[in-house]
Amino acid sequence: MNREQMSHIAHAEHPIRSPLDDGSVRRLLERGLTQGDERVLDLGCGGGEWLLRALTTRPDAHAEGVDISETALAHAAGAALDLGVQDRLVLHHRKAEEFVSEQPFDVVLSFGAAHAFGGFLPTLAAARAHLAPGGRVLIGDGFWERPPSQEAVEMLGNFTDLATTVDRVVADGWTPVDGHISTRQELDDYEWACWGSLAAWALDHPDHPDTAQVLETATARRTEWLRVYRDAFGFLSLVLRRTSDSA
């Protein structure tokens with residue numbers, strides 16, 4: 001089973017592919033989409049969950065999502081049809097870092113996709129290129145709550161601590177107008193959901209040729225979480241405006 005298929009199974013019970021609960025997602029969208037008729041772009045949209053939630057609560061909004069996963073985009077398209085928002089959603093099957101649009105967007109989203117751009121600040125640079133004057137960026141990525149082990153850095157990336165992360169964002173020309181630090185419950189719920197969903201799939205499909213691989217992966221990822229990065233990793237979501245639209 002390939003990585004894309006495993007990811008789809010892992011997120012079956014946690015469609016927001018970040019350690020955020022429904023209340024946190026709702027609040028971030030409320031702070032980002034303040035008018036209700038925004039043009040919204042999600043760079044690395046996965047199954048489109050952020051966009052679907054935005055469109056179902058804001059009937060005048062329009063959205064576009066970009067992702068390399070055909071499986072995830074097919075899920076997003078099907079869900080949009082079920083929700084009756086398909087006429088206001090455009091999906092693009094391509095690398096997020098290669099996406100171009102003739103029209104700017106009022107809101108640009110990117111959660112847990114910074115690796116595609118090479119880090120937090122390169123992701124913001126990509127968002128800036130798509131953002132209309134006065135627009136907002138909603139972005140989420142990791143940071144180190146405590147000094148990590150070398151193994152954790154090699155596994156997840158070379159994050160910085162919370163204060164340094166925010167300082168770098170500000171120095172890059174952005175002003176946070178809201179934010180959220182994922183709680184321990186949100187972090188743990190996300191990990192339990194992902195690796196539990198994989199394990200449950202394996203147990204429910206004992207005769208499938210990929211069962212052993214999927215169960216082994218679930219076990220390995222759960223162990224990595226508990227033994228390598230659980231005590232050090234944090235997740236930060238920010239609502240940002242450009243400090244100067246001429247910058």
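These notebook entries record what I looked up in one predicted model.

**Entry 1. Ground rules**

I worked from a predicted model, in which local features need pLDDT of at least 70 and side-chain atom pairs count only at pLDDT 80 or more, while totals for chains, interfaces and linings use all residues. Residues are numbered from 1 along each chain as its sequence is written, and side-chain values use heavy atoms, with hydrogens and water left out.

**Entry 2. The whole chain**

I began with the secondary structure and found nine helices and seven strands in the chain. Helices (H or I, at least four residues) and strands (E, at least two) are DSSP runs, numbered from the N terminus. I then looked up the radius of gyration, which is 18 Å; the globule rule gives 18 Å for 247 residues, so the chain is as compact as a globular protein of that length. This radius is taken over C-alpha atoms, and the globule rule is 2.2 Å times the number of residues to the power 0.38. Along the principal axes, the C-alpha atoms fill a box of roughly 55 × 45 × 30 Å. Of the 247 residues, 49% count as buried. Buried means under 20% relative accessible area, exposed means over 50%, and partly exposed lies in between (1.4 Å probe, protein chains only).

**Entry 3. Strands and crossovers**

Which strands pair with β4 was my next topic. I noted that strand β1 (residues 39–43) runs parallel to β4 and is joined to it by three bridges. Two strands pair if DSSP finds at least two bridges between them. Val-40 has Val-107 in β4 as its bridge partner. On strand β5 (residues 131–144), I counted six bridges to β4, again in the parallel sense. Ser-110 stands opposite Ile-139 in β5. Strand β4 itself (residues 105–111) is mostly covered, with six of its seven residues buried.

I also followed the path of the chain: β4, α5 and β5 make a right-handed β-α-β unit. A crossover is right-handed if, with the strands pointing away from the viewer, the path from the first strand over the helix to the second runs clockwise.

For strands β2 (residues 62–67) and β3 (residues 89–93), I found parallel pairing over five bridges. The chain crosses from β2 through helix α4 (residues 70–83) to β3, and this β-α-β crossover is right-handed.

**Entry 4. Salt bridges**

How many salt bridges does a search of the whole structure find? I recorded ten. A salt bridge is a side-chain nitrogen of Lys or Arg within 4 Å of a carboxyl oxygen of Asp or Glu.

In one of them, the side chains of Asp-22 and Arg-53 meet at 2.9 Å, N to O. Asp-22 lies in helix α2 (residues 22–32) and Arg-53 in helix α3 (residues 49–57), so the pair ties together parts that are 31 residues apart in sequence. Asp-22 is partly exposed, with a relative accessible area of 47%.

Glu-64 forms a salt bridge with Arg-39, and their closest N and O atoms are 3.8 Å apart. Glu-64 belongs to strand β2 and Arg-39 to strand β1, so this pair links parts that are 25 residues apart in sequence. Is Glu-64 buried or exposed? I found Glu-64 to be buried, at 13% relative accessibility, whereas Arg-39 is partly exposed at 26%.

Arg-230 and Asp-231 meet in a salt bridge of 3.7 Å, N to O. Salt bridges that share partners join Arg-184, Asp-188, Arg-230 and Asp-231 into one network.

I then turned to Arg-128, which is placed in helix α5 (residues 120–130). Arg-128 is buried yet has no salt bridge, and the nearest side chain of opposite charge, Asp-172, is 4.0 Å away. For charge, Lys and Arg count as positive and Asp and Glu as negative; His and the chain ends are not counted. I noted that a polar atom of the Arg-128 side chain lies 2.8 Å from the backbone oxygen of Asp-172.

Arg-136, found in strand β5, is also buried without a salt bridge; Glu-38, its nearest side chain of opposite charge, is 7.2 Å away. The backbone oxygen of Arg-31 lies 2.7 Å from a polar atom of the Arg-136 side chain.

**Entry 5. Leu-156**

Last, I looked up Leu-156 in helix α6 (residues 150–156). Leu-156 counts as partly exposed, at 31% relative accessibility. The C-alpha atoms of Leu-156 and Tyr-229 are separated by 8.4 Å, although these residues are 73 residues apart along the chain.

Key: A polar contact is a pair of N or O atoms within 3.5 Å; within protein, one must be able to donate a hydrogen and the other to accept it, and residues adjacent in sequence count only if both atoms are side-chain atoms.
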